[in-house]
Amino acid sequence: MEKIGICAFSQTSVESDKWYQRFQEMAFEVVKDLLEQTSLDFSDSGIEMTISVSDDVFDARTISDNAMTDVLGAHYRCEEKVAQEGLQAIYYACSVINSGIADVVMVVGHCKESQAKSRNMVTHMAFDPFYARPVGLDFQIAAALQAQTFLDRANIGEDELAQIVVRARERGSKNVLYPNLTPVSVEEVIASKYLAKPIRELHAYPVSDGAVGFILASEKKAKEICKDPVWVTGVGCSMDTYFPGNGDLINLGSLKKAVSRTLDRANTSLDSIDIYEFSDQYAYQLPLYLTNLGFCNLEDVSSFIKNGGLDEKNINLSGGMLIGAPLILGGLFRVVEAIKQLKGISENQIQDPKTAIVQSSMGPAAQFNSAVVLSRDN
Amino acid sequence: MYRNSFIVHGKLALPYQYFAGRLGSKFIKTLEKEHKIIGTRCKKCNTVYVPPRSICDRCFLDIKDNLEEVSKEGTVLSYTVVNSYEDHYPERPPFILGLIKLDKADTPFVHIIKNVPINKMKSNIRVRAIFSNTPTDTILNISHFEPVDYSVFEVGYTYEELEIGMSASFTKTITETDVYLFAGISGDFNPMHVNEEYSKKGIFGKRVAHGVVPQSLIAPVLGTKLPGLGTVAIEINTRFRRPTYFGDTITAIATVKEKIEEKKWVKMALKFINQKGEIIADGEAIVMPPKG
Amino acid sequence: MRDRKREVAIVGVGQTKYSSHREDVNQPEMISEAIFEALEQTSLTMDDIDCIVHGNMELFEMIYQPDLWHTIGTGASGKECLRLTTGGTTGATLVCAADALVASGMHDIVMAIGFEKLQEGHTTGGITNMADPLWGRKLQSGALVGITATQMIEEFGEERAKKASIDYRIIMDMHAMKNPKAHRRLGLNFDMAEDLMNNSPQLVGELRMIHMCSQSDGACVVILASEDKAKEICDRPAWILDHVTVHREEHMGTLFGFKKEKLTHRHAAEVLFKRNNINDPVNEFDVFEMYDPSSWWGVDWLREFLLFDGDEHLKLVENREILIDGKFPVNPSGGVIASNPIGATAMVRFAEAALQIMGKAGEHQVKKEVNKALASGFGGTFWTVLGILTADKPER
């Protein structure tokens, strides 16, 4: 595909309860910042289309984007809502820009997980009402079943999972936009109570409120709008069969397909990427993804984690999704962190990375996966 | 916390009625009326779907008429012990949900597992469907699953679970009967064990038990307590320090001393004391704990 | 007209029968019916489909991200998938998205799926949850909007306005009678006009039961293909010339009332017609599939879409020119008043317009050759998607 430029990015702080803002105000904070950064407006020579990401059930609003039209500058303009994992808004924007239908697209996602009594109650509704809901399935339980299979079959245990959480929180705590995040010790992780065995409270990403947004444009337009756009060079996704139709919960076909499609479109390979941002909603997911993508195998995953493989390979330098992000926006918040690395302004900056891949998942046991490859000019 | 801010409480309390479809309804009714579990087979890829699906989504073929019965027994591929409470859970935590693949089916589903000690639950056990007496119009026409064989939960500590310093013991009074039975078992009718008059002239002044009689008390410790069921003894060495007289009460104690990583074996320190607290023997054992 | 990377055409359409009673199937099973029909029509298999685009309103059935469960009926497993929802316009948005996915070169063949199983939920309750919980939720009455009737009566007089809206309704039913997929087929004729317009139960003012759209279960599937594939798959594909999406947001209190702002329909038509040099829509389009939630809106919105200012829209109805064999056929399918599976409804407009161009509409095929068709979607607080399909491959 032809690359498209990210001309601006913005996010609110991510907190466990942004009680002082309605979701429209949260999103507006992002929109205002994006407009100021780019000096764009909503005229025909400005932002031609807005793609929003939100969720009817989390927002408790039928057609959740109808509450957003004015905030998103869509009065007598075009706005469309991706009701899927947020990274898909970038996927959609790529198709719109590459087709020639629009040159400049704004992507804005918002979600307040704190509005719902329980996010597990929301994800419970993803299951069929006849066979899965009666036994109480939700994404957390599906994750626990997947985690147990992983622990049964991989050479990995409590210590490594705790180490992943400790590392994530230590890195995330450097980021002022995550004010609720505190460092924890291995002992604290192992002592935290089980939510659904083997998933412990500190293994789970924190309940999160926040908004995030980007201005995307065709190559030509992007260079006009800003001097150093970060390029989206590949996008891709894949669906797996409905949970738990595939008996092998730790063979993630959709993850592998999503990543390989993305790399193919970007005309690159996984090992030539400089930094990796995975959306790990639970601590076990990061090593599970790594074994599926060939960073390590089921036998040596423990030594990979213990011997600093994550730092060495530049995996989740930001701390990953374990530092917080609303479920539907995991991928978009990871994109922010990848852009910061490519621009040299991350709190956990490494030297001179040029390419990044971002992954996100949605659905029970990572049924749906998507990815984007980002790069910058030399 | 919520300064100058108010909250509107709301609830999405809309009525919903979901239709399981003809095939789904047949599955659910067959559970209720016949206590049978049916699936559908895709004749192209041979996958048997349970609960039944109308369409094989791999081959995208209509398979709704290819019904077949599958077993009521199956294997737990994975499980979770649910510990936090949610309104949508079918039980009060803690409870077990298992990913169960029935025999003759190819796709697993999730269901409740009962009658398993929570801390003993593990993958790969065999379970059997227990049908509900009250119709539910859902898969809860199977009330839950139960283990086929309970002995699988009676295992000792695995290598990973054992920690240095863990200890267990067994105590028994050694009687004349014990000694005479052992003499019979071993053929060791040495007069120092069976002849009171002869023994009066010996160094102990009366009959004493064979050394291995108190030593053998370590077997129930290693084999049923620590590490426990499933343990294989590799080596036992003891040094006898005092005699055991008839009527003495002996306590055999095993303590984890060392974990031998490359073999996944454990070295146990052994100690045998009598009712006066005197050490009558000590030593070491190497054992292979159960795999779990 | 904007340049595009490549042209895209609708090459296949599948629809379930629309009905208020689909107890015999669950959601993925119902969707698969439409997919099987579309695959049969195009002689494609699921393996030929590169990407699935899926949409509906989550709270209408209360399934969170239903594409996950629906995979067992959509065949999406292993494929790329995109899920979009924009209220009533969802189905049209899905077509626009599928268009972009193919035009961009990312995919050659994309399947868009719109569906709703309204019988499983509570539609008016669901729509009421659209309003702001602080400011509007207690004031709203779902999609039952009576104000248009009042305004038309004020402008054109009671008799003429009421007659036009009921004539429109009868024409829609006459069309639905020709469409075996349509949900409500009542067998109305013009002799019944007087009785219906005065005796049908009133919902809000002069908006009566007979004027209002149905709540339907059903799914619609549209297959889009790139220019090099389209001709292989379909003899006479329906090319996507252009489309436009226009949203408007306002306070719920003024939304349907006090001051009549420019409708998004008119704005969309102005933008789209200008971009594509359409100067005389009534004569340039051979058919119009319009999202008409009630027959009052149906009549009123003809004026907006066709950029009339006076009473030309009433005359179109009064002179029966919107009949299937008239000068400007509107909704030969029977329209939304006959069938309304909300997440699919706007897609059905594009699908039916495409069928007219392909010549595959069956009994409700417009008699004259259809070379250029207009299709609209409606949703949200006032959202419009408007698109043009052509029999000739667009020259840009």
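**View 1. The lining of the second largest cavity has 8 nonpolar, 8 polar and 2 charged residues.** Welcome to this predicted model, the subject of every view here. The second largest cavity has a volume of about 140 Å³. There are 18 residues in its lining. To find its centre, look for Asp240(A), Thr241(A), Asn246(A), Leu249(A) and Ala365(A), which lie nearest to that point.

**View 2. The largest cavity has a volume of about 340 Å³.** How many cavities of 30 Å³ or more are there? The count comes to 6. The largest cavity is lined by 29 residues, and those nearest its centre are Tyr131(A), Tyr242(A), Pro51(B), Arg53(B) and Ile72(C). Four elements each supply at least two lining residues: helix 1 (21–34) and strand 8 (109–113) of chain B, and helix 1 (27–42) and helix 3 (67–74) of chain C. Helix 3 of chain C contributes the most, with 3 residues. Sorted by class, the lining of the largest cavity contains 20 nonpolar, 6 polar and 3 charged residues.

**View 3. The largest pocket has a volume of about 1,900 Å³.** This pocket has 45 lining residues, and Leu151(A), Thr158(B), Glu160(B), Glu161(B) and Lys291(B) are the closest to its centre. Two or more lining residues come from each of these elements: helix 5, helix 6 (158–172) and helix 11 (301–306) of chain A, and strand 6 of chain B. The lining of the largest pocket divides into 19 nonpolar, 11 polar and 15 charged residues.

**View 4. Helix 5 of chain A is largely enclosed by the rest of the structure, because 12 of its 15 residues are buried.** The buried residues of helix 5 of chain A are Phe139(A), Gln140(A), Ile141(A), Ala142(A), Ala143(A), Ala144(A), Leu145(A), Gln146(A), Ala147(A), Gln148(A), Thr149(A) and Phe150(A). Which residue caps the N-terminal end of this helix? Asp138(A) does, with a side-chain oxygen 3.1 Å from the backbone nitrogen of Gln140(A).

**View 5. His183(C) makes a polar contact with the backbone of Ser20(C).** A polar atom of the His183(C) side chain is 3.3 Å from the backbone nitrogen of Ser20(C). His183(C) sits in the loop between helix 7 (158–176) and helix 8 (193–199) of chain C. Is His183(C) buried or exposed? With a relative accessible area of 17%, His183(C) is buried. Setting aside its neighbours within four places in sequence, His183(C) is in contact with Lys17(C), Tyr18(C), Ser19(C), Ser20(C), Ser214(C), Gln215(C), Ser216(C), Ala338(C) and Ser339(C).

**View 6. Met212(C) and Ala338(C) are 126 residues apart along the chain, while their C-alpha atoms are separated by 9.1 Å.** You will find Met212(C) in the loop between strand 6 (207–208) and strand 7 (217–226) of chain C. Its relative accessibility is 9%, so Met212(C) counts as buried.

**View 7. Two cis peptide bonds can be found in chain B, one joining Pro93(B) and Pro94(B) and one running from Leu226(B) to Pro227(B).** Omega is about 0° for the bond between Pro93(B) and Pro94(B). Pro94(B) lies in the loop between strand 6 (73–82) and strand 7 (95–102) of chain B. For the bond from Leu226(B) to Pro227(B), omega is near -5°. Pro227(B) belongs to the loop between helix 6 (218–225) and strand 12 (232–240) of chain B.

**View 8. Lys104(B) has a positive phi without being a glycine, and so does Leu307(C).** Phi is near 75° for Lys104(B), a residue in the loop between strand 7 and strand 8 of chain B. Lys104(B) is exposed, with a relative accessible area of 62%. For Leu307(C), phi is about 60°. Leu307(C) is in the loop between helix 13 (295–305) and helix 14 (312–318) of chain C, and at 29% relative accessibility it counts as partly exposed.

Notes
Residues numbered from 1 in each chain as written. Chains lettered and ligands numbered in written order. Predicted model: local features only at pLDDT ≥ 70, side-chain atom pairs only at ≥ 80, totals over all residues. Heavy atoms only, no water. Buried < 20%, exposed > 50% of the residue type's maximum accessible area, 1.4 Å probe, protein only. Polar contact = N/O pair within 3.5 Å; in protein donor to acceptor, adjacent residues only side chain to side chain. 1 Å grid on protein atoms, 1.4 Å probe; cavity = no way out; pocket = protein on both sides within 12 Å on 5 of 7 lines; lining within 4 Å. Points joined across faces, edges and corners; volume = space filled by probe spheres on them. Nonpolar A, V, L, I, M, F, W, Y, C, P; charged D, E, K, R; others polar. Contact = heavy atoms within 4.5 Å.
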